[in-house]
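The following paragraphs lead through selected features of one protein model. The sequence and the structure are shown first.

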Amino acid sequence: MSIEKAKAYLAAYGMADKVIEFEQSSATVELAAQALGCEPSHIAKSILLQQPEGVVMILAAGDGRIDNRKFKDHFGVKPKMMPFDLVEEAVGHAPGGVCPFGIHDGVAVYLDESLRRFDVVYPAAGSGNSAIPMTTEELERVSQAIGWVDVCKSVTV
């Protein structure tokens, strides 16, 4: 089960006990925000893109959207969203629970600057009814992100 894989990964960082499991779905930004009682922007959503070199995961604020020009300027290619039916095979987590914890080797993880405006964000934790509160510093360390990028459209604060 994907949430168990994520929890095992998080345990290595002493964070498995921070995972929150909900009775209701948290599989979308809106549902996760409702379950947590926070603004949708505080959800750290995982955006999966296919590149010639492989899969790229961008963690962005829940109100962020990929800016095609910024993405192409940074990565050198036009962004191409991962088809829904290929997500679990490519990453190791099904849509709704995609997170950077316990993913397949070779997935390149980046954090978008849109997350930096928050003290705490809530990425999923491997299932469509889970999340974990993290500071952006914790997310950077635990996700083993390659680095920070600015590839989302400006959002209103």
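Two rings of Phe, Tyr and Trp (its six-membered ring) form a pair if their centres lie within 6.5 Å; planes under 30 degrees apart count as stacked, over 60 as edge-to-face and the rest as tilted. A search of the whole structure finds four such aromatic pairs. Tyr9, Tyr13 and Phe101 are joined by ring pairs into a cluster.

The model is predicted: local features need pLDDT of at least 70, side-chain atom pairs count only at pLDDT 80 or more, and totals for chains, interfaces and linings use all residues. Residues are numbered from 1 along each chain as its sequence is written, and side-chain values use heavy atoms, with hydrogens and water left out.

Helix α5 spans residues 136–143; helices (H or I, at least four residues) and strands (E, at least two) are DSSP runs, numbered from the N terminus. Thr136, Leu139, Val142 and Ser143 of α5 are buried, that is, under 20% relative accessible area with a 1.4 Å probe and protein chains only. These residues lie on the same side of α5 because they cover an arc of only 135° around the axis, taken from the directions from the helix axis to the C-beta atoms. Their cover, by contact (heavy atoms within 4.5 Å), includes α1 (2–11), β2 (43–51) and β4 (108–112), as well as β5 (120–123), β7 (134–135) and β8 (147–149). Glutamine 144 follows α5 and has a positive phi, near 55°.

Glycine 64 is placed in the loop between β3 (54–61) and α3 (68–75). Glycine 64 counts as buried because its relative accessibility is 0%.

Methods
Buried means under 20% relative accessible area, exposed over 50%, partly exposed in between (1.4 Å probe, protein chains only).
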